[in-house]
Amino acid sequence: MRIAKRLQTLSIGCVTGLVLASPVLHAQDDPLMEEVTVTGIRGSLGRALELKRESANAVENIVAEDIGKMPDLNLAESLQRVPGVAITREGGEGRNITVRGLGPGFTRTTLNGMEVPSSTGGLDSSGGVNRGRDFDFNVFASELFNRITINKSTTASIEEGGLASTVDLYTPRPFDAPGFRLVAGAQAALDNLSGETDPRVVALISNTFADDRVGVLLSVAQSTRTVRQEGFGTVRWTSPWDNGGRSWVGEDDDVVINGTPHPELNYPDVDPAAEGRADQLLDFMWHPRLPRMDSFNRDQDRLGITAALQFRPSDALELTLDYVKSELEADVISYNYFAQFRNSQNNIQPIEVTLDPSGRYITAGTFDNVFPRSESRGQFGTTDFQQIAFSGRYTFAEGAYLDLLIGQAESDHHEQQYRFNLTAVNPHRFSYSFAANPNIAEMSYDFDLTDYTEYTFTGPVLRDERVLRENQTVKLDLTLEEGPSSLKTGLAFNDRSVDSAFGTPAAVDTPPAPDATLTNAFSEVIDDFGEGIDAPAGFPRDWLVADFDATIEAYRPDTAAGFDFQVDPLNGNTFYVEEETAAWYAQVDSETELLGRPLRVNAGVRVVRTETTARGAVEDSDTGEITPVVGKNDYTDVLPSTNLVWVLQDDLQLRLNLARNMTRPGLASLVPTVTDITPLAGTLSAGNPRLDPIRANSADLGIEWYFAEDALLALTYFHKDIESFITSDSVTGPLSPELQQAVLAADGDRYDPSSPTYDPNLVPVTGADWTVSTSVNGEGATLDGWELAYQHPFSFLPKPWDGFGIVANYTHVESMANYGNGVRSPLEGLSENSYNFTLYYENDRFGARASVNSRDDYITDATGDNGNAQHATTGPTRIDLSAYWNVTEALKLTLEVINLDNEPERLYTTGPRGDLNLVREYNTTGREVYLGLRWSLD
């Protein structure tokens, strides 16, 4: 049922009249948000603390230091300062958030009151193209927003779906600050690894008219960012044994082995002698799959626009129209050069190897018959985001009002990728060693890496990807207030869809042999490679790379204006999922007393109905004809919540939050595309459109001491009992109706007695059990943790020391889950410990802030690959600095330093038993320094 049909439920005459002329409850409509402007570091921190103190549920707030000036250059970077929030980065910039140990898919994000989608692309190691529920914050310029609220616990009025949190983003409106306001700012990079100036500009104009009954606001933010990310990679580690049971050429006696192999430490259940490898123990030693030099170069342009029109025709009616647009263009050119051990050990002869002290992996070695390869990859992506939302509030009696929101948002990401391989014609001798640096191997080859006559073109890999996500929302809320008590009830209808397509070219030409017109030396493209990571002397700095424009022309068919990309309907990245929800809620807010002290109570229930439609495909095994496969599901959730705030004394309060919430399954896991059908064995692989959501019961208990003005010391314990996670498994039982149809579409002739290909030995489609490899609701987990937060402006000190202040927090969280591989692992994205520390100083003319953010290591893939138990990331510790100087009352000089300590990004794998730390990627985007000016008139 579409939202247009659901609007018929609002057709009661008197309500319709009110609805057509009414608003949504926006943050600026909250009584706590009536103050016109908050400026400066201390002002924004104090404002955020006031919002936290008065909220019913557990929240954190980030308030703009000034209009058009969030505390950081990126929204995700600002969010990581909040207790319990950690981020992942793309090209050195925050992309996704993890809240209290639960990954990005467990947080929902709203913009001006409605849930919105956001998808971008990325490197393979950072997740590639986002086709799921994750929200990519790097689509948006931080200058467009004036407040962020992170709801760590829920109320009945907050829409469901954010099992970890709901993040609310707000753009400015003219009624926030009545009168005329003009702000303009510009920044340029003084220092970064790329050497580019990377300008950023922002402008905002706002005014109100007709006795502040009409308001108009327009803001624009544009930025260019050039990122040079350089380093070393292994593309995971493995062993010949784990790489398909392969074996090095020769026996151990033919190799100089420094150290003693201990295969039993890697494979306690494997007896080399029983496997006929008593003289080949090196086959069980781990080594880099593709040791390589890495250069990732990102050119990014981002344009953001917000507009707001507000109209207050009477004291009883206020109408608002919000528009938000963001365009992100990101071109990423990657150059990698590697020795190919992957799938090639049967042809490679070890000459000399050095083992680690435990005798489990090769830290240095020389090998013959290695084929090197240069990979040149271009990813050219755009994301277009648009939201338009109409909202209004009609007050029909004192303390009684209706809020309405009607909104639509769209995120359209389109990306083309070109990967060209220059593979050595002949095998070569290759050596590597981690002796000088445990994260960056020194490497050497026995030939000139820039000689194009040594190579031939292989591959290529060309693809076209698109993810179109659309959300439509209608919300109607009724609020009745009587003194400190209120009753609130409402309806919410959502229609969300994701249309994902993956395409490959119908044909490519065969290029000529590499020559000077098709290739370049890497040093001719990128200067001073290796300086950013302080690479050891033996780390290669130059090699042959493809010239992108010329190589694209060489591969493109002569008759085509471009590559004719064809959507692959059987690819797991091609799917359509639609999700429609209808919800009703009711909640009561009241104030009473307990033991003579005030007790604020928020209690309610939310009931939501979800209907999903997922579309995949199946291929006829004889003709190749594609048949659509459609799977449907529906479920209803009853989600109660209770929030209590007991004011023990004027500056001390105890907070208890109890709730049931849910997060819906990942989109790709719902898609019923059917592959690997084997009717004779009764097996197949498919997605599972009948997955249930991930449900959990949550409890938060916290104590908050507001011991001075704008000061806080708080301790919070949180617990979640998560009933299930989505995992992969093999399920035996009868086929669902859509899978029955899929099997008949693929192999119908073999089931037809009148067909010449009929096979009576096939497993029947109905009335028999099949084994289906699919996604299931697997085991759940409990999650426990605590947060400690401290905020204190030192206003009690004499001048000038009273300008100092501290903001600090620490989070500890624990949880283990079974991801379907038989091994329990910490939750993906969970850092057991994380902390933030900020020291700031501010007076009438000057302000500065230094922030340290750190988190422990965390698992990024709990099921691993190439024999690894898991993939993981080393927890970074980053230092950022910002400062400003008020040159005049209207003019401000600003300084921003990002990654002051030049903290690298390090990914690793954990080996066959999950207890190793083997470098996967080690790179850095360097330090970024921005100098800017801001001018305001009001």
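**Cavity lining, strand pairing and local backbone features**

The residues that line the largest cavity of this predicted model divide into 15 nonpolar, eight polar and six charged. This cavity holds about 500 Å³ of space. Of its 29 lining residues, those closest to the centre are Leu45, Asn61, Arg81, Gln791 and Val807. Six elements each supply at least two residues of the lining: helix H3 (41-54), strand E1 (59-63), strand E37 (781-793), strand E38 (804-818), strand E40 (833-842) and strand E41 (846-855). H3 provides the largest share, six residues. Over the whole structure, the search finds 18 cavities of 30 Å³ or more.

Strand E22 (residues 455-482) is paired with strand E19 (residues 400-424) in the antiparallel sense, through 24 bridges. Within this pairing, Glu415 has Glu465 of E22 as its bridge partner. E22 is also antiparallel to strand E23 (residues 485-505), with 19 bridges between the two. Here Leu480 is placed opposite Leu487 of E23. The hairpin of E22 and E23 has two residues between the strands, and Gly483 in this hairpin adopts a positive phi near 60°. A further backbone feature of this region is the cis peptide bond between Gly459 and Pro460, with omega about -5°. Pro460 belongs to strand E22.

An open sheet of five strands has the order E12-E16-E17-E20-E21, with mixed pairing. At its edges are strand E12 (256-258) and strand E21 (442-445), each of which pairs on one side only. On average, neighbouring strands of this sheet are turned by 10° against each other, direction ignored. Within the sheet, strand E17 (residues 362-370) and strand E20 (residues 428-433) are antiparallel and share five bridges. Ala364 is opposite Ser433 of E20 in this pair.

Asn243 is located in the loop between strand E11 (237-238) and E12. Its relative accessible area is 11%, so Asn243 counts as buried. Apart from neighbours within four places in sequence, Asn243 is in contact with Thr238, Phe341, Arg342, Asn343 and Gln345. Leu449 is located in the loop between E21 and E22. With a relative accessible area of 9%, Leu449 is likewise buried. When residues up to four places away in sequence are not counted, Leu449 touches Met293, Tyr337, Tyr455, Asp542, Trp543 and Leu544. Between Leu449 and Ala424 the separation is 25 residues in sequence and 9.3 Å in space, C-alpha to C-alpha.

A second open sheet consists of four strands in the order E31-E32-E36-E35, and its pairing is mixed. Strand E31 (674-678) and strand E35 (726-733) form the edges, each pairing on one side only. The twist from one strand to the next averages 20°. E35 and strand E36 (residues 770-777) are joined by eight bridges in the antiparallel sense. In this pair, Trp770 of E36 is the bridge partner of Gly733. Helix H8 (residues 737-751) lies across E31, strand E32 (683-686) and E36, and runs at about 45° to E31.

Lys799 and Pro800 are joined by a cis peptide bond, with omega about 0°. Pro800 is in the loop between E37 and E38, and both of these strands contribute at least two residues to the lining of the largest cavity. Asp211, although not a glycine, has a positive phi of about 60°. Asp211 lies in the loop between strand E9 (200-209) and strand E10 (214-233). Its relative accessibility is 75%, and Asp211 therefore counts as exposed. Asn866 is also not a glycine and has a positive phi, of about 55°. The loop that holds Asn866 is between strand E42 (858-861) and strand E43 (871-873).

Notes:
Residues numbered from 1 in each chain as written. Predicted model: local features only at pLDDT ≥ 70, side-chain atom pairs only at ≥ 80, totals over all residues. Heavy atoms only, no water. 1 Å grid on protein atoms, 1.4 Å probe; cavity = no way out; pocket = protein on both sides within 12 Å on 5 of 7 lines; lining within 4 Å. Points joined across faces, edges and corners; volume = space filled by probe spheres on them. Nonpolar A, V, L, I, M, F, W, Y, C, P; charged D, E, K, R; others polar. Pairing = 2+ DSSP bridges. Axes fitted to C-alpha atoms, helices over the stretch in contact; angles between N-to-C directions. Buried < 20%, exposed > 50% of the residue type's maximum accessible area, 1.4 Å probe, protein only. Contact = heavy atoms within 4.5 Å.
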